[in-house]
Amino acid sequence: MRKYYEKNIPNEIRNTVYETAAHLCSGEKDNVYLYENNDCVSVGVGIYSEIIVTAEEIVIKRKNAGQSMKVSDLCRDLDNLFKSLEVDSWRAYGIAKFGLARYIYGLNVGAETGELLHLIIPDREYRIDKETILLRALNEDYIKTMEKNIFNVFLNGEKEENVTFYDGKEVLLFDEEYYKNIVGLAVKEIGNKEYQKVILSRKIPVHSRLDMLQTYIHGRHRNTPARSYFYSFPNLEVTGFSPETIAEVDASGTVYTFPLAGTRALTGDSKTNKNLKKELLQDPKEIAEHAISVKLADEELEQVCVPGSVAVTEFMSVMERGTVQHLGSRLRGKLRAEYNPWHAIFKLFPAVTASGIPKKEAIEAIGRIEKDARDLYSGGVLTYDSNGTLDAALVLRSIFQNEEETWVRVGAGIVEMSNPERELAETLEKVSSIAGQLVEEQKRYIQLSV
C-alpha cells in the first residue's frame, strides 16, 4: 500500500486562497486539478492513476500499464475499483459529462459520444486554507519541489499581471434568434404535455485562445460561486464558477443536494437589486419552476435514502451568484446501507436545474432540440475521497478549451409560461458573469539575434 508523504507549512501568502491555488498551478508543469470547496482549495498535480468510463467499459491506466473491465453495475463497479486502489488516503479529481445522463436513463448516446466519466488520482497535492498549506506527494522528493513553488508564489504571487480581455459583447450576442426559436419550440411541446420543464442552452464560440488560469482568477473575483474549479485534463481545460452542487456525500453517508431555479439580475445598484429580489419572490412562473425542482430532488433522494430521513433544510432562499440572484433550496437525507456514494450522485444526475422534468423526457428533448452536443456542460466536476466523501459541482458558468476550440455555454429553464424574450434575457444575465472576464492568451515572441 502506497502512502502520501505529508508536510504542513504556514500559509504566509497574502493573496486569497483561490489566487494562491491558481498561482501554484501556474508553477507546475503537469496537468492540474483545482477545486474550491468553501474556504479550502485543493490542487491535484500529475497522474498516478487514471480511470476512464464509457458505456461499455472502465479503463484503468497507471504509468505505462493499463487494464480494462466491462461495465456490469456501474455504481458498484466504481465502488469496488476505488476500494482496490493500492494507495492510502487518496483523493480523486474527476469530471462527469452530460452523456452520463443519457446512459443513466437508458437513452442512445446520440451526439454525447465518448467518455462518461474521467477520474484522476494525482501524484501530489496542495490543500490550502487561510492558515496552512498541506503538501502531499507519493514521492518524497516532490515535497522539496513543491516548497520551492510555494516560495516563488510568496515572492511573486501578489504582482499584478498585465492582461488583455476578450470582447465579451461577441459572447453576449451570439445565436440570439436561434435560442428564441428553440425556446418557442419547447413551450409548444410543454403545452402538448410532452414534459413539464426543460433547460435549453446554446454554445457560444470564443474566437481567441484564452489563458485559462488568468481567466479563473479574474472570473473568481467577479463571482460568488458555491464551488469553483480549474481542471486541466489532456485535451480539455475547464474553468468555472458553479452556482450549485449536484450532490454532496459526507463520510457518515449523509447526502445533500442544492437545487437553484428562478433567476433575476444583480446590478450595481442596491435599490434595483432589492426590487428585483422582491419581484423574483413574487413571480408565479419562477416560484412554480423552483417548487417542482425541489419536489423532484426530494423524490430522488427518497429512492436512495433511509425512509423518513429526507428533509428540506432550507427553502426558497435568495442566493447571489455573480451577476444574478437565484431561488435556492437545500435538502438532505441519510444514504441507505446497501448503497454507496455513486448511487447518490447517479440518482441526482443530471441536476434537475440543468435538465428538466421529467428527467428522461427532458434529456431526450435536449438531444433532439439543441444543435450541439453538451459534452461537459451541465455535467459535473467532482472530488471523491477514500473515506467516501464525494462533492460534485454542477458545470454552469464555465469556459471550455481544447486543442481545436474555445467556448462557453449558457441556458435557462423553460416552462409553459416561458417567454422567449425573457428567457434570452436570463441567459444574457447569466453569461455576463464570465463574458467580461475572459483573458486572452499572451503571444510569446522570440527575438532572434542577427
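Trainee: Where is Ser-378 found?
Mentor: Ser-378 sits in the loop between H11 and E20. Keep in mind that this is a predicted model.

Trainee: Is Ser-378 buried or exposed?
Mentor: Buried. Its relative accessible area is 0%, and the cut-off for buried is under 20%.

Trainee: What about its phi?
Mentor: Ser-378 has a positive phi of about 65°, although it is not a glycine. Most residues other than glycine have a negative phi.

Trainee: And what is the phi of Met-316?
Mentor: Positive, about 55°, and Met-316 is not a glycine either. Met-316 lies in strand E17, residues 311-321.

Trainee: Now peptide bonds. Is the one from Phe-349 to Pro-350 cis or trans?
Mentor: That bond is cis, with omega near -10°. Pro-350 is in the loop between helix H10 (341-348) and strand E19 (356-357).

Trainee: And from Ile-357 to Pro-358, cis or trans?
Mentor: Cis, with omega near -15°. Pro-358 is in the loop between E19 and H11. As a rule, most peptide bonds are trans.

Trainee: New topic. How many salt bridges are there?
Mentor: The count comes to 34. Let's look at a few.

Trainee: Which residue does Arg-136 pair with?
Mentor: Glu-125. Their side chains meet in a salt bridge, 2.5 Å from N to O. Arg-136 is in strand E10 (residues 132-137) and Glu-125 is in strand E9 (residues 124-128), so the pair ties together parts 11 residues apart in sequence.

Trainee: Are those two buried or exposed?
Mentor: Arg-136 is buried, and so is Glu-125.

Trainee: Give me another. What does Glu-279 bridge to?
Mentor: Arg-264, with the closest N and O atoms 2.6 Å apart. The pair links distant parts of the chain: Glu-279 in helix H8 (residues 270-282) and Arg-264 in strand E16 (residues 260-265), 15 residues apart.

Trainee: How exposed is Glu-279?
Mentor: Glu-279 is partly exposed, at 39% relative accessible area. Arg-264 is buried, at 5%.

Trainee: Which network are they in?
Mentor: A network of salt bridges links Lys-197, Arg-264, Glu-279, Asp-283, Lys-285, Glu-286, Glu-289 and Glu-423.

Trainee: One more pair. What does Arg-409 hold on to?
Mentor: Arg-409 forms a salt bridge with Glu-370, and the closest N and O atoms are 2.9 Å apart. Arg-409 lies in strand E23 (residues 406-414), and Glu-370 lies in the loop between helix H11 (359-369) and strand E20 (380-385), so the pair ties together parts 39 residues apart in sequence. Both Arg-409 and Glu-370 are buried.

Trainee: Let's do a helix. How many residues has H6?
Mentor: Helix H6 has 16 residues, 176-191. From first C-alpha to last, H6 reaches 23 Å, close to the 22 Å expected at 1.5 Å a residue.

Trainee: Which residues of H6 are buried?
Mentor: They are Tyr-178, Tyr-179, Lys-180, Ile-182, Val-183, Ala-186, Val-187, Glu-189 and Ile-190.

Trainee: Why would some residues in a helix point the same way?
Mentor: An α-helix has 3.6 residues a turn, so residues three or four places apart point the same way.

Trainee: What covers the buried residues of H6?
Mentor: The cover includes strand E11 (197-205), H11, E23 and helix H12 (420-435).

Trainee: And what follows H6?
Mentor: Lys-193 follows H6, and its phi is positive, near 65°.

Trainee: Switching to His-326. Where is that?
Mentor: In strand E18, residues 324-334. His-326 counts as buried because its relative accessibility is 3%.

Trainee: What does its side chain join to?
Mentor: The side chains of His-326 and Thr-263 are joined by a polar contact of 3.0 Å. Also, a polar atom of the His-326 side chain lies 3.4 Å from the backbone oxygen of Gly-262.

Trainee: What else is His-326 in contact with?
Mentor: Beyond its neighbours within four places in sequence, the contacts include Leu-260, Leu-280, Ser-317, Arg-397 and Lys-430.

Trainee: Last one. Is Ile-128 buried or exposed?
Mentor: Buried, with a relative accessible area of 0%. Ile-128 is in strand E9. Leaving aside neighbours within four places, its contacts include Val-17, Leu-24, Cys-40 and Ile-133.

Note on methods:
Residues are numbered from 1 along each chain as its sequence is written. This is a predicted model: local features need pLDDT of at least 70, side-chain atom pairs count only at pLDDT 80 or more; totals for chains, interfaces and linings use all residues. Side-chain values use heavy atoms; hydrogens and water are left out. Helices (H or I, at least four residues) and strands (E, at least two) are DSSP runs, numbered from the N terminus. Buried means under 20% relative accessible area, exposed over 50%, partly exposed in between (1.4 Å probe, protein chains only). A polar contact is a pair of N or O atoms within 3.5 Å; within protein, one must be able to donate a hydrogen and the other to accept it, and residues adjacent in sequence count only if both atoms are side-chain atoms. Contact means heavy atoms within 4.5 Å. A salt bridge is a side-chain nitrogen of Lys or Arg within 4 Å of a carboxyl oxygen of Asp or Glu. The expected span of a helix is 1.5 Å times one less than its number of residues.
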